[in-house]
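Dear colleague,

I am handing over the structure below, and I would be grateful if you could read through the notes that follow it with the model open beside you.

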Amino acid sequence: MAEQKRNRREEILQALAAMLETSPGQRITTAKLAANLGVSEAALYRHFPSKARMFEGLIEFVEDTLLTRINMIMNEEKNTLSRCYAILQLLLTFAERNPGITRVMTGDALMGEHDRLRGRMEDLFNRIESSIKQVLREKAMREQQRFIVDEAVLANLLLSYADGKISQFVRSNFKRLPTEHLSAQWQVMEQQLISA
């Protein structure tokens, strides 16, 4: 029974993410979501007490996926710049593969929703920025070499790049892929980081 309930919850979240992808700029109501699934609104509320909880389910998926993978990158990759690139590539690839959820990441789908949802996404991006800053700070320990520019400034720059590419993806109705020009743009950033 618990497995069936979990599967139904996942089905609801997948439908919500799909609707966010196919209806950019539109607000998703529980009535529209229920109709899309062919169930009543009451059936949705048996699995989620509110629409905010549905969005929290999507946010939890983003948090779990990205933070778990960032931890793997930190454990597997030892080179500072390779780690930075891998984190940026992860963010951009995740956004590209999950367009509807990307609207949640940018806050676009959260307009008019509970403030705590936007706060959670902000917290996630702050945690990712902290991870990048940690990678940059570890350069001094690993490679006996520090950056000339403060690591916090560089971490913010790298995250801002990813954030901008993700926002551009949403603004273009998912036509401008976040990974477009990534390797060429990274070569430019890498050269700047080496001299920073």
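Helices here are DSSP runs of type H or I with at least four residues, and they are numbered from the N terminus. With that numbering, His181 falls in the loop between helix 8 and helix 9, and please keep in mind throughout that this is a predicted model.

His181 has a positive phi of about 65 degrees although it is not a glycine, and Asn173, which lies in the loop between helix 8 and helix 9, likewise has a positive phi, of about 55 degrees, without being a glycine. Most residues other than glycine have a negative phi. His181 is partly exposed, with a relative accessible area of 47%, and Asn173 is partly exposed as well, at 41%.

Leaving aside residues up to four places away in sequence, Leu33 touches Ile12, Ala15, Leu16, Met19, Ile28, Leu44 and Met54.

An unreviewed UniProt entry annotates residues 29-48 as "DNA-binding region"; over this stretch the chain is 75% helix and 0% strand, and the end C-alpha atoms are 14 Å apart.

Lastly, Asp123 lies in helix 7 and is partly exposed, with a relative accessible area of 45%.

Methods: Residues are numbered from 1 along each chain as its sequence is written. This is a predicted model: local features need pLDDT of at least 70, side-chain atom pairs count only at pLDDT 80 or more; totals for chains, interfaces and linings use all residues. Side-chain values use heavy atoms; hydrogens and water are left out. Contact means heavy atoms within 4.5 Å. UniProt positions are given in the numbering used here, feature names are shortened, and annotations may be inferred rather than shown by experiment. Helices (H or I, at least four residues) and strands (E, at least two) are DSSP runs, numbered from the N terminus. Buried means under 20% relative accessible area, exposed over 50%, partly exposed in between (1.4 Å probe, protein chains only).
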